[in-house]
Amino acid sequence: MAVPSLGEPDCPHCGGAGYVRNDLPVGHPDFGKLSICACRQGQVAQQVRQRLFSLSHLDELLGLTFETFEPRGRKGLGGAQVESLEWAFNHARQYAGKLEGWLLIAGGYGCGKTHLAAGIANFAVGMGVPTLFLTVPDLLDNLRFAFDAEDTTFEERFEEIRSAPLLVLDDFGTQNATGWAQEKLFQIINYRYINKLPLVVTTNLALDEIEARVRSRLQDPELVTKVTIQAPDYRRPTDDMGHPELSSLDLHAARTFASFDDRREEGLAPDEVRSLEKALKAAMAYAAKPRGWLVFTGPYGCGKTHLAAGIANALADKGTPPLFIMVPDLLDHLRATFGPNSPARYDRRFDEIRSAPLLILDDLGAQSMTPWAREKLHQLFNYRYSAELPTVVTVAVDMLETIDDRLRARLLDERICTIQAITAPAYHGGKRKLKK
């Protein structure tokens with residue numbers, strides 16, 4: 001039976017054998033040894049490319065290229081959101097052309113991270129670079145399945161992943177963080193860190209939420225370039241100002257600082273007028289530089305929601321629309337994610353809310369205080385309190401003493417929170433002018 005050719009049949013070096021004996025002097029350590037012929041090395045490289053492509057399921061992502069990415073996003077995005085998309089797009093294209101160092105793409109769910117990462121991978125594959133594209137949960141499953149695989153060993157699969165010429169890890173942080181999973185991920189990332197192998201990572205986590213050893217590698221400025229996309233989930237509709245569907249700011253478009261007056265009218269006490277003036281001044285200052293927490297308290301209809309919406313509309317006009325939502329509506333949105341037809345998962349929606357760059361919560365205390373609602377609000381407030389994320393809250397004065405003790409403790413912490421108490425009564429219409 002004829003022995004099959006291992007190399008190219010017409011190769012002038014090996015004649016199809018697939019290997020050559022090096023012409024070396026006697027005494028050389030490699031004298032008499034065989035080495036793989038260049039023609040066969042090309043075949044091996046092609047096999048590696050095909051193997052990694054198969055593991056990646058990149059055939060399912062062929063449509064995610066730089067050509068199909070909209071660098072300015074959809075209609076209605078704010079200026080800062082568009083700028084962040086263009087910034088990320090340009091960095092991804094530059095990275096794909098060089099494949100040097102690491103690229104970390106951060107942002108919320110559905111903002112375009114995976115599209116850009118797949119665009120890099122597809123571009124690299126088109127240039128003949130063996131590329132492995134995996135979501136982190138799939139990577140860990142690949143390693144687990146290798147223990148029982150017949151065509152490979154765990155060691156071979158692990159080596160294949162950690163030493164791939166280009167590795168793209170999508171959705172970092174969604175994996176089940178067992179001790180084994182954390183150790184394998186660190187070993188892969190540390191190997192590529194030591195050997196300076198190209199790596200692309202996408203995540204919706206803040207760096208301080210990532211395991212410390214991995215975080216230290218991702219924070220190396222000499223190796224890692226980080227880009228953050230601020231755009232909302234493209235799969236969900238927005239209003240004309242770019243807010244995601246759970247935001248209710250579009251219902252308060254007319255509530256601006258210009259339309260707010262100082263409520264000076266007959267029968268309004270001087271201290272009530274001053275409380276309105278002080279609250280308006282605080283709201284305008286906060287809109288100019290959102291820092292810490294700002295809480296508006298007062299009776300129903302006194303202007304709390306108007307000022308909160310004024311902050312939101314002022315920032316939206318600058319191209320950075322915040323998330324503005326009534327607390328009862330927020331809880332309804334979270335409950336809706338448990339339905340079988342919900343387009344969003346609970347964990348994704350909750351993370352989007354709690355990590356919003358600026359969150360405005362209207363009418364705290366109006367919600368039904370079930371144990372579930374109480375716990376969700378505590379988790380939300382505690383996250384933003386610990387991360388010191390800018391937050392605006394409105395709460396009726398008679399509700400302040402009825403809310404959960406843990407929430408009230410956060411709202412009364414003067415180190416992070418400023419309370420503006422409006423003493424004016426509810427406004428029921430009438431002609432008013434701003435105080436000059």
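This is a predicted model: local features need pLDDT of at least 70, side-chain atom pairs count only at pLDDT 80 or more; totals for chains, interfaces and linings use all residues.
**Overview.** I started with the secondary structure and found 13 helices and 12 strands. Of the 436 residues, 49% are buried. I then looked up the contacts between residues at least 6 apart in sequence, and 76% of these join residues at least 24 apart. The accessible surface comes to about 22,100 Å², with 53% of it belonging to carbon and sulfur atoms.

**Ring pairs.** I picked out Phe66 and Phe89, whose ring centres are 6.0 Å apart with the planes at 85°. An angle over 60 degrees counts as edge-to-face, so that is the label I gave this pair. Phe66 sits in the loop between helix H1 (38-56) and helix H2 (79-98), while Phe89 is in helix H2, 23 residues away. Both of these phenylalanines are buried. I also noted that ring pairs link Phe66, Phe69, Phe89 and Phe123 into a cluster.

**A pair within one helix.** Phe154 and Phe158 make a stacked pair, 5.9 Å centre to centre and 15° between the planes. They are four residues apart in helix H5 (residues 154-162), so about one helical turn separates them. Are they buried or exposed? Phe154 has 13% relative accessibility and therefore counts as buried; Phe158, at 11%, counts as buried too.

**Charges over a ring.** My last stop was Tyr193. Lys196 lies over the face of Tyr193, at 5.2 Å from the ring centre. Arg217 also lies over the face of Tyr193, at 5.0 Å from the ring centre.

Note on methods. Residues are numbered from 1 along each chain as its sequence is written. Side-chain values use heavy atoms; hydrogens and water are left out. Helices (H or I, at least four residues) and strands (E, at least two) are DSSP runs, numbered from the N terminus. Buried means under 20% relative accessible area, exposed over 50%, partly exposed in between (1.4 Å probe, protein chains only). Contact means heavy atoms within 4.5 Å. Accessible areas come from the Shrake-Rupley method with a 1.4 Å probe; for residues, only the protein chains shown count as cover. Rings of Phe, Tyr and Trp (its six-membered ring) pair if their centres lie within 6.5 Å; planes under 30 degrees apart count as stacked, over 60 as edge-to-face and the rest as tilted. A charge sits over a ring if NZ of Lys or CZ of Arg is within 6 Å of the ring centre and within 35 degrees of the ring normal.
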